[in-house]
Amino acid sequence: MSTIENSNKDWSPRIIAFFCNWCTYTASDLAGVSRLRYAPTTRVIRVMCSGRIDPEFVIEAFTQGADGILIGGCHPGDCHYSEGNYKCLRRYHLLQRVIGQMGIDQRRLRLEWISASEGKRLQEVVNEMTETLRQLGPSPIKEVVQTVIK
Amino acid sequence: MPINDEARVGFYICHCGHNIANMVDVTSVAEYAAKLPNVVLSRDYKYMCSDPGQEMILKDAEVFKLNRIVVASCSPLLHENTFRNATAKAGINQFYFQMVNIRENASWVHEDKELATVKAKDLVRAAISRVVFHKALEKKKVPVNPDVLIVGGGISGISAALNIANAGKKVYLVEKDPTIGGYMAKFDKTFPTLDCAACILTPKMSAVLKHPGITLMSYSEVAAVEGYVGNYQVKVTRKPRYIIEEKCVGCFACIDACIFKEAKFSDEFNEGLSKRKPVYIPFPQATPQVVLIDDKTCIHFKTGKCPQSCAKACDRNAFDFDQKPVTQELEVGTILLCTGFQPFDAARAPYYGYGRYPNVYTSLEVERLVNASGPTGGNVVLRDKTRPKSIGIIHCVGSRDEKTNKWCSRVCCMYSLKLAHLLKEHTDAEIYNFYIDMRTPGKGYEEFYDKLLNEGVHFIRGRVAEVSDWAINEHEKGKLVIRAEDTLIGMVRRIPVDMVVLAVGIEPGKDAQDIRRVFNISCSNEGFFLERHPKLAPVETFTDGIFIAGACQGPKDIPDSVAQAGAAAAQALALIDSGFVELEPNTAFINEELCCGCQVCINLCPYHAITFDETKSVSHINEAICKGCGTCVAACGSGAITQNLFEDQQILSEIYGLLVE
Ligand SMILES: Cc1cc2nc3c(=O)[nH]c(=O)nc-3n(C[C@H](O)[C@H](O)[C@H](O)COP(=O)(O)OP(=O)(O)OC[C@H]3O[C@@H](n4cnc5c(N)ncnc54)[C@H](O)[C@@H]3O)c2cc1C
Ligand code: SF4
Ligand code: SF4
């Protein structure tokens with residue numbers, strides 16, 4: 001973690017956000033309609049269900065330089081497809097272990113249940129995560145991977 | 001970024017008036033996009049969704065030989081279909097289109113134009129790199145079953161049922177209570193016209209019963225729903241009445257004959273202000289006119305030692321003490337939810353003394369007291385049978401209150417005025433209305449308020465702090481004292497009264513969360529059913545083919561409920577009359593060559609769409625059952641499963657696009 005970058009107030013992390021269509025993506029629309037301001041750090045990729053999120057996507061995003069990854073799905077019991085979010089939760093635990101082993105700070109991967117009505121929650125989560133990542137600084141993974149390849 | 005030489009992308013960025021252009025530098029995004037691989041053309045335009053905007057895509061496609069379209073504008077949940085259609089009109093397969101959300105996801109939520117523009121560029125790059133990998137697909141057309149399920153038989157469900165049945169379609173109306181009618185059936189008069197509620201409601205209730213197109217399933221609940229728009233399979237559980245419905249003619253001989261000579265059990269329909277027997281009918285005009293037995297109080301069910309005098313009195317042999325819950329399966333194409341509200345529980349506001357002081361009533365109890373067919377025949381008397389000489393009506397109980405519910409319940413001011421008028425008429429008492437703000441928006445509503453102002457009713461503006469029986473002078477002795485700050489004269493007042501009426505607010509129905517799960521729809525923060533769009537799709541939900549109407553969507557009076565029921569009926573009819581629906585082709589399929597036969601996917605599918613082909617030793621997805629969640633795709637270790645519209649390569653190219661500049 002580089003202290004120079006930490007002190008750089010202008011640095012803004014890039015968060016890849018995988019949001020499910022029915023709950024969290026709709027919540028992000030609601031946040032928009034309600035004009036809730038939050039940090040411009042997320043880049044949303046819409047999937048139908050959080051169950052679609054392949055661990056490969058997460059690893060790939062980290063390797064390509066994402067500073068953080070946010071996964072948003074429906075609350076337990078509320079999945080549009082019954083239980084895709086439980087599958088997602090299991091993969092999330094697995095991924096936390098894997099990224100830990102890769103030397104990625106586990107706070108860089110976050111899973112949140114945000115329902116269609118929780119625009120406010122979305123705002124809070126993005127702002128919180130942005131703050132955490134600002135403290136952690138840019139993810140070192142991309143460079144590490146590139147030097148390994150070289 | 002991988003290059004596909006054949007892809008010729010046309011990129012468009014929308015200003016959305018100032019909605020986007022104020023926070024995202026659209027020209028710089030357009031210039032940036034023009035230089036990205038595969039982009040043949042890049043433009044910005046004021047309103048892409050307008051006709052000229054769409055025309056532009058059509059013309060450009062021809063001139064520039066485009067075969068991919070990317071539009072950066074609002075949310076795909078709003079306009080994806082608009083632009084897919086434009087793409088199709090331009091002679092390009094509609095799935096060679098990708099939308100970038102830079103309004104809800106950027107301009108409306110950010111404050112720094114530079115960073116918002118950087119974000120927009122990232123998102124645009126991702127979409128352009130993704131669209132290159134899109135495949136041409138066709139939407140599957142499936143026929144729509146013309147039959148309709150309506151859940152909830154209040155005024156909303158009744159109106160919708162009649163609308164749809166009058167258009168010649170078959171309707172199943174499922175009501176959880178023994179009778180239809182909802183809350184309206186409890187009222188004597190309705191604001192602002194003060195017309196008799198029963199006179200306008202009961203004819204509609206019997207019209208429902210008599211309509212050849214409507215199957216009324218009272219005392220029933222929906223247990224499960226499967227399928228998709230146009231083709232829903234519904235399981236309805238009919239609770240046992242212990243009466244064979246078709247045989248009962250509603251003569252009530254059994255009620256007279258019941259072993260209980262006196263009615264002993266709390267009567268729900270009268271809000272507990274009277275008693276009923278174990279065999280009963282909720283109210284004389286209940287629809288259907290069929291009695292039922294409450295097995296929790298009936299001697300037969302409690303001890304098995306009742307002579308069953310009720311059954312003996314029935315000359316139609318309608319009794320069946322062995323009835324069990326029966327599950328019936330229905331097939332329908334569309335569903336309307338009209339499950340209404342529940343009143344705020346006054347015990348949650350203990351400072352108003354409900355439950356502690358017998359003379360504190362809820363508005364619903366008073367609706368029954370003023371009702372000519374209510375527990376006292378319309379004679380307004382307190383529990384000790386005396387007539388109140390002074391009455392305080394407290395508005396906003398459980399509404400507009402940080403401690404309970406924040407929202408305005410919309411109907412309480414008006415019904416409090418109505419009750420003030422009716423109580424004055426019935427008792428000639430002094431009436432005090434305590435209000436925070438008087439809210440009377442509606443046709444003839446403000447005029448109704450004016451009328452009340454001239455009827456000698458007192459209005460005190462201020463939130464009531466407390467109701468107590470603590471007298472500080474002779475004058476207050478034996479009375480309930482309402483303590484409130486009168487904000488118009490700026491002092492605290494104590495008004496002693498004989499009776500207090502709590503204008504309880506409108507809350508989401510008790511089982512709203514269960515219903516939401518069964519029907520796979522969402523609720524808003526307060527717990528009311530969530531509409532697809534607050535302005536443009538107020539009766540649609542995010543689940544195609546499921547509509548909402550009435551107080552289940554939010555606090556609403558009868559005129560608005562009926563209007564919404566009409567809107568929901570029209571939406572359902574439009575869907576039915578179009579004859580078919582088009583389904584998103586986002587289903588998954590397995591490449592048999594790659595499948596190793598491990599069967600990991602099979603248990604993951606919530607719809608049991610995946611089976612194992614023993615002869616070929618591979619798994620197979622039934623496309624008709626697959627709903628396209630993609631869970632199996634993410635789990636297949638062999639990479640054998642592909643989800644249309646969400647292929648691995650498409651998502652990965654989106655990730656590269658976002659991160660690799
Ligand atoms: C005290 C009071 C006085 C009022 N006075 C007036 C007035 O004078 N004028 C006016 O315009 N409005 C008045 N209102 C508002 C009025 O009550 C509502 O507008 C109206 O009842 C809404 O009708 P609805 O059909 O949407 O809901 P409801 O009346 O709540 O009916 C819903 C129906 O659905 C059924 N149901 C619920 N859940 C299920 C389920 N899971 N399965 C099957 N069935 C289910 C219920 O049993 C019920 O029959 C008043 C409200 C209150 C509280
Ligand atoms: S998980 Fe993949 S490999 Fe295993 S059975 Fe299913 S499709 Fe075949
Ligand atoms: S995509 Fe979802 S619904 Fe379709 S087969 Fe796979 S797990 Fe089942």
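The model is a prediction in which local features need a pLDDT of at least 70 and side-chain atom pairs count only at pLDDT 80 or more, while totals for chains, interfaces and linings use all residues. Residues are numbered from 1 along each chain as its sequence is written, chains are lettered from A and ligands numbered from 1 in the order in which they are written, and side-chain values use heavy atoms, with hydrogens and water left out.

**Confidence and domains**

The pLDDT is the predictor's confidence in each residue, on a scale from 0 to 100. Chain A has a mean pLDDT of 91, with 93% of its residues at 70 or more, although over residues 1-7 of chain A the value is below 50, and this stretch has nine contacts in the model beyond near neighbours in sequence (a contact means heavy atoms within 4.5 Å). For chain B the mean pLDDT is 96, and 99% of its residues reach 70 or more. The scores of the model are ipTM 0.94 and pTM 0.87.

Chain B is divided into domain 1 (9-137), domain 2 (139-187 + 194-239 + 325-340 + 520-580), domain 3 (253-313), domain 4 (343-507) and domain 5 (584-644), with bounds that come from an automatic or database domain assignment. The C-alpha centres of domain 3 and domain 5 of chain B are 55 Å apart.

**Ligand 1**

Ligand 1 is surrounded by 33 residues, the closest of which are S156(B), E175(B), K418(B), K556(B) and I558(B); a residue counts as near if one of its heavy atoms lies within 4 Å.

| Residue and part | Atom of ligand 1 | Distance |
|---|---|---|
| K176(B), side chain | oxygen | 3.1 Å |
| Y183(B), backbone | oxygen | 3.0 Å |
| D511(B), side chain | nitrogen | 3.3 Å |

Taken alone, ligand 1 exposes 1000 Å², of which the protein buries 97%, as judged by the Shrake-Rupley method with a 1.4 Å probe (for residues, only the protein chains shown count as cover). The elements of chain B that give two or more residues to this shell are α6 (155-166), β8 (189-190), α11 (363-369), α12 (412-427) and α15 (558-578), and α15(B) gives the most, with three residues. Here helices (H or I, at least four residues) and strands (E, at least two) are DSSP runs, numbered from the N terminus. Domain 2 and domain 4 of chain B each provide at least three residues of the shell around ligand 1.

**Ligands 2 and 3**

Among the residues around ligand 2 are C595(B), C596(B), C598(B) and C601(B), whereas those around ligand 3 include C605(B), C626(B), C629(B) and C632(B). The shell around ligand 2 has eight nonpolar, four polar and no charged residues, and that around ligand 3 has nine nonpolar, two polar and one charged. In this scheme Ala, Val, Leu, Ile, Met, Phe, Trp, Tyr, Cys and Pro count as nonpolar, Asp, Glu, Lys and Arg as charged, and the others, Gly among them, as polar.

**Backbone features**

Most residues other than glycine have a negative phi, and most peptide bonds are trans. A cis peptide bond, with omega of about -10 degrees, joins F191(B) and P192(B), and P192(B) lies in the loop between β8 and β9 (195-196) of chain B. Another cis bond links T287(B) and P288(B), with omega of about 5 degrees. R35(A), which is not a glycine, has a positive phi of about 55 degrees.

Key: Polar contact = N/O pair within 3.5 Å; in protein donor to acceptor, adjacent residues only side chain to side chain.
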